[in-house]
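Let's take a walk through this fold together. Keep the model open beside you as you read.

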Amino acid sequence: MIFMAFLRNPFRTLRGKILISLFVLIIIPVVVILYRFYDSSEKIVQMQLYQSNQAAVAQKAQTMNDLTVRIITASSLIINDPETEKFLRSPSDWSDQYDTFIKLKSLQTKMSNVKDLLLDSDAQLGLYDNRGYTHTTWSAVMKAEVSSFQDEAWYKPTIQQGSGSPYWSVPYTLSAGGNSQPYVVMTRQVNGEYRRNYGTFLIGVPVSDFFYSDSELRAQRESGTISLLLDTTNELLLGDVAPSTAISGFTLQTLQQIRIETNGIRTISLDGQDYLVNDANIPQLGWRLVQLINQKSFADQLSHEKDKSIGWVVAWFFLFAIAFIILMLRVTSPFKQLAKSMNKVGKGEFNTLVKVKGADEIAVLGSNFNKMVGHLQDLIANLYDEQQRKQKAQFQALQAQINPHFLLNTLNSIKWMAILSNAEHVSEMIAKLGKLLNFTMRNEEEYVTLREELEYLQVYMSLQKIRYHDQITITIEVPESLMDCEVLKFTLQPAVENSIIHGNRFPLHIDIRAMERDGYLMLTLQDNGVGMSMEKIQLVETQLNQPHAKFSGIGIRNVNERIKLHFGPQYGIRIHSQQNEGVRMSLQLPLRRREPHDDPNLNRG
């Protein structure tokens, strides 16, 4: 019944709209895109294959070049060694000449060490001595006719180099250790300081180590890939050119037929088949490594994989479409409710919650949304409370800048001094009191420098000395480098006042110090009062660290609260004391220096 209704008017229901939209907007476009994609995928994959193979060929050429450099370096260590020349100039009868025998053993050791350190275990080194001896790493010293190795194919070209430049023979069959296999052989003439041509030095590396092994060439052939090594004249040195490779007719002129496509890919036709061409130079030798990839083999593999992947994509796509329809029908309603609630939260209605049903992902999303709304409510409440406490602390700090009892006692002192001393010190006290009031009433400044705080404290202490008849002394030891550090206003005065009120000992001495420690500004106040017991210290510190404690005035609890509100919980006040040994109060603040352009006093008219 539902299906028939859908066929009669597919746009009448939400389900019909979703199905039609799925086919029109997703299935049909995807089918078209897939067809066009696979139509052009061959060129894309071909380009990727070409670039990847070019990188591999370049890496192989670099490896061959590195081995060439090590071979040349190894030969230089032997033929350029003065000890080698001394050995070749010594008498050849080392069985009777001990010194010569030692030089022989030294040469053999050097050849063995050079082989082990610079080359690998399959490399072979040999010195053909013009005195008629051969010194090799695969056999003992052997007596030989000079003419026997002068008939070797590499001998004359090596001698013609004259200066000892390397000559390369590829491939060269070298009988070493009872095994005959093709080698890449480098030979150099050994020249000395006194004369030229003491002999010929040879280093051979198996072709399988320098180029590709037989198993690697066979695997490449099976995949339609052929590797070739060409010399400086583009003559073929090494490569798989057997009849089964279909390029047995490879010649020098063949390379001139290479075509460069518009996309930069180079191709060549050999025996009616097209090949991709990758090559890389070996700088040390001037040779070139060329690799050919059969396009027909590549196209057949790609076509097979393409047909298989299209079938899988289509099958999985229809399964996905069915699952998508079911999922969309299920999640539409809860998402609408969630979206509506989110809109309300966006407008500031933080009491909005969604109904959570079940335990699936939609339910988890709804539950997390409800938790997020709850966290937002808590954050707003905490932020409001923190702002209120901060404003209250600032207001109380500014409102209670001067203790009323202190102000009353100071005014009484001024009055009696005026009566008893004919007003000689009234002007000085009034000036100090005015400076004190001026500092305390500068409400626009929340931070002051340590220098300004100490100046205010000095004025405060001068009035306290009058009140207590010089029974209070204070010493300040602050390095000049810390004077420009910023502190909260009224940081030190409440701590000093606390020592005066609770010290309970006269004469009272207060020592103030400042230092930089581990990137912090540390202020310490030490008095010689009666001190505090451990129980009293624990009680005071508990009151200090109560975040919502009620307080009045501008006591040390107020200072501690302001420090934590402005700088963070890691800062604040610590109290240390012992009975009858006074109290030491430590204030830890961030080390922040005020730059000259930050000084608000410079901007006043």
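Here we look at a pair of helices, a sheet and a hairpin.

A word on the source: this is a predicted model, in which local features need pLDDT of at least 70, side-chain atom pairs count only at pLDDT 80 or more, and totals for chains, interfaces and linings use all residues. Residues are numbered from 1 along each chain as its sequence is written, and side-chain values use heavy atoms, leaving out hydrogens and water.

Start with helix 3 (residues 82-89) and helix 4 (residues 98-118), whose axes come within 10 Å and cross at roughly 135 degrees. Helices (H or I, at least four residues) and strands (E, at least two) are DSSP runs, numbered from the N terminus. Axes are lines fitted to C-alpha atoms, for helices over the stretch in contact, with angles from 0 to 180 degrees between N-to-C directions. On the helix 3 side, Glu83, Thr84, Lys86 and Phe87 meet Thr100, Lys103, Leu104, Leu107 and Lys110 of helix 4; contact means heavy atoms within 4.5 Å.

Next, find the open sheet of 6 strands, with antiparallel pairing and the order 8-7-12-11-10-9. Two strands pair if DSSP finds at least two bridges between them. Strand 8 (236-239) and strand 9 (259-260) form the edges, each pairing on one side only. Within this sheet, strand 11 (residues 273-282) runs antiparallel to strand 12 (residues 287-294), joined by 8 bridges. Valine 277 stands opposite leucine 292 in strand 12.

Finally, 6 bridges link the antiparallel strand 18 (residues 572-577) and strand 19 (residues 583-590). These two strands form a hairpin with 5 residues between them, and asparagine 580 in the turn has a positive phi of about 65 degrees.
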